[in-house]
Amino acid sequence: MGRSGITSIWRGDAKTGNKHARKYGAAVDKLLAHGDAGREALLVLLKHERMDVRVMAAAHLLRYRTAEAKAVLEEAAKGQGLVPFEAGQALKRWEEGTWALDPG
């Protein structure tokens, strides 16, 4: 989710926050539709300056690049707030075997 999406949620503006989340989700889905080439394009976001972008990319890359994605999520999950919570949830789903963001 982008900055304006996160900011909207913090302000209590779920409608705007959800709109941004759908936009970013659609962009990720388009990349993943290109198979491994799309996944490779998403890899660059694991080093993005913003934690929310890193977490979103890592959550989608768990199956493709497990070690790198888990490292990003584990680091992010150490914090507090919405994005660290999302990182922890992605890791939990991965460990439970219920993760399904990019079935391959």
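Tutor: Let's start with the term itself: a salt bridge is a side-chain nitrogen of Lys or Arg within 4 Å of a carboxyl oxygen of Asp or Glu. The model here is predicted, so local features need pLDDT of at least 70, side-chain atom pairs count only at pLDDT 80 or more, and totals for chains, interfaces and linings use all residues. Residues are numbered from 1 along each chain as its sequence is written, and side-chain values use heavy atoms, with hydrogens and water left out.

Student: How many salt bridges does the structure hold?

Tutor: Nine. In one of them, the R50 and D52 side chains meet at 2.9 Å, N to O.

Student: Is D52 buried or exposed?

Tutor: Buried means under 20% relative accessible area, exposed over 50%, and partly exposed in between (1.4 Å probe, protein chains only). D52 has 11%, so it's buried, while R50, with 23%, is partly exposed.

Student: Which parts of the chain does the R63 and D102 pair link?

Tutor: Helices are DSSP runs of H or I, at least four residues, numbered from the N terminus. R63 and D102 meet in a salt bridge at 3.4 Å, N to O. This pair links distant parts of the chain: R63 lies in the loop between α4 (51-60) and α5 (66-77), and D102 in the segment after α6 (82-96), 39 residues apart. D102 is buried at 4%, and R63 is partly exposed at 33%.

Student: What separates E96 and R93 in helix α6?

Tutor: About one helical turn, because they're three residues apart in that helix. Their closest N and O atoms are 3.5 Å apart in a salt bridge.

Conventions. Helices (H or I, at least four residues) and strands (E, at least two) are DSSP runs, numbered from the N terminus.
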